[in-house]
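Work through the exercises below with the sequence and the coordinates at hand. Each task is followed by a solution in steps.

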Amino acid sequence: MSTPPPIRPTKATWVRRAVFGTVVVLALVIGGTAFRVWQVARVDDRASADVIVVLGAAQYNGKPSEVFQARLLHAKMLYETGVAKTVVTTGGNKAGDRFTEADAGAKWLREAGVPRASTMVVGEGSDTLGSLRAVAAAVEKRGWHSAVVVSDPWHSLRAVTMADDSGLDTRSSPTHSGPMVQTRERQAMYIYRETGALLFYLLTRSPADEIGGTTVG
């Protein structure tokens, strides 16, 4: 009895396999990135550094928003425990603003007891990438290289990635207080958005802050 010839996959079968394989790979990439966003959000590295960098958020006529205040309070605590001798505040301003985010942040820190000599204002950049590039250039002029970056937990991986790409030796100490961590629903939303923002940055080397949405008030 003769053996029937093997059934060769049709072109449509190959197309279906290719589509399925692509979907699986995309799911693994997105899922793996989301896991890393969640994982790094839980890391609090307080090793000594040259500077503590507070990423800016909304400010209103010189008063930091609740999100920004949570970051500043955490940076103040790091400063007081000796992580670094200088706190760098970052962020530019929007059209019509009297203050930059960096100015508002430094003012808050000084009023909270951080000496003026221990603050450094870098009021440039309208997004995370622009701010970190400006910080890297400013601290390099002083011979500094290492930084502990303070932001919201879900923003930490993208911020550290951008800071490292800008030439800093970076670690992360995110704040775990404030509006960004109040509910599980909000946490899940920002993990989802930051996953997209990080992948967009890795693909395009563009800021992607509007996707991540981490600088709102």
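Is Arg205 buried, partly exposed or exposed, and at what relative accessibility?

The model is a predicted one. Arg205 has a relative accessibility of 43%. Buried requires under 20% and exposed over 50%, so Arg205 counts as partly exposed.

**Exercise 1. Find the salt-bridge partner of Arg205 and state where both residues lie.**

Step 1. Arg205 forms a salt bridge with Asp165, with 2.6 Å between the closest N and O atoms.

Step 2. The pair links distant parts of the chain, 40 residues apart: Arg205 is in the loop between α6 and α7 (209-212), and Asp165 is in helix α5.

Step 3. Asp165 counts as partly exposed, at 45% relative accessibility.

Step 4. As a general point, side chains of opposite charge can pair when their charged atoms come close.

**Exercise 2. Describe how helices α5 and α6 are arranged, and list the residues in contact.**

Step 1. Helix α5 covers residues 156-165 and helix α6 covers residues 184-204; their axes come within 9 Å and cross at roughly 20°.

Step 2. Angles under 35 degrees count as roughly parallel, so α5 is roughly parallel to α6.

Step 3. The crossing of α5 and α6 is left-handed.

Step 4. On the α5 side, the contact is made by Leu157, Arg158, Thr161, Met162 and Asp165. On the α6 side, Glu194, Ala197, Leu198, Tyr201 and Leu202 take part.

Step 5. Sorted by class, the contact of α5 with α6 has 6 nonpolar, 1 polar and 3 charged residues.

**Exercise 3. Characterise the salt bridge between Glu80 and Lys76.**

Step 1. The side chains of Glu80 and Lys76 meet at 2.6 Å, N to O.

Step 2. Both belong to helix α2; they are 4 residues apart, which means a separation of about one helical turn.

Step 3. Glu80 is exposed, with a relative accessible area of 52%, whereas Lys76 is buried at 15%.

**Exercise 4. How many salt bridges does the structure hold, and which residues are linked in a network with Arg171?**

Step 1. The structure holds 8 salt bridges.

Step 2. One of them joins the side chains of Arg171 and Asp169, at 3.8 Å from N to O.

Step 3. Arg171 counts as buried, with 15% relative accessibility, and Asp169 as partly exposed, with 44%.

Step 4. The salt-bridge network is made up of Asp45, Asp169 and Arg171.

**Exercise 5. Describe the surroundings of Leu78.**

Step 1. Leu78 is found in helix α2 and is buried, with a relative accessible area of 0%.

Step 2. Leaving aside neighbours within four places in sequence, Leu78 is in contact with Arg46, Ile52, Val83, Ala84, Val148, Val150 and Ser173.

Step 3. For a distance check, take Ser48: the C-alpha atoms of Leu78 and Ser48 are 9.7 Å apart in space, and the two residues are 30 apart in sequence.

**Exercise 6. Which residues of helix α3 are buried, and against which elements do they pack?**

Step 1. Helix α3 runs over residues 101-111, and its buried residues are Glu101, Ala102, Ala104, Gly105, Ala106, Trp108 and Leu109.

Step 2. The buried residues of α3 pack against the strands β2 (59-60), β3 (63-64), β4 (87-90) and β5 (119-122), and against helix α2 (66-80).

Step 3. After α3 comes Gly113, with a positive phi near 110°.

Technical notes. Residues numbered from 1 in each chain as written. Predicted model: local features only at pLDDT ≥ 70, side-chain atom pairs only at ≥ 80, totals over all residues. Heavy atoms only, no water. Axes fitted to C-alpha atoms, helices over the stretch in contact; angles between N-to-C directions. Helix = DSSP H or I, 4+ residues; strand = E, 2+ residues; numbered from the N terminus. Parallel < 35°, antiparallel > 145°, perpendicular 65-115°, else oblique. Left-handed = near helix turned anticlockwise from the far one by under 90°. Contact = heavy atoms within 4.5 Å. Nonpolar A, V, L, I, M, F, W, Y, C, P; charged D, E, K, R; others polar. Buried < 20%, exposed > 50% of the residue type's maximum accessible area, 1.4 Å probe, protein only. Salt bridge = Lys/Arg side-chain N within 4 Å of Asp/Glu carboxyl O.
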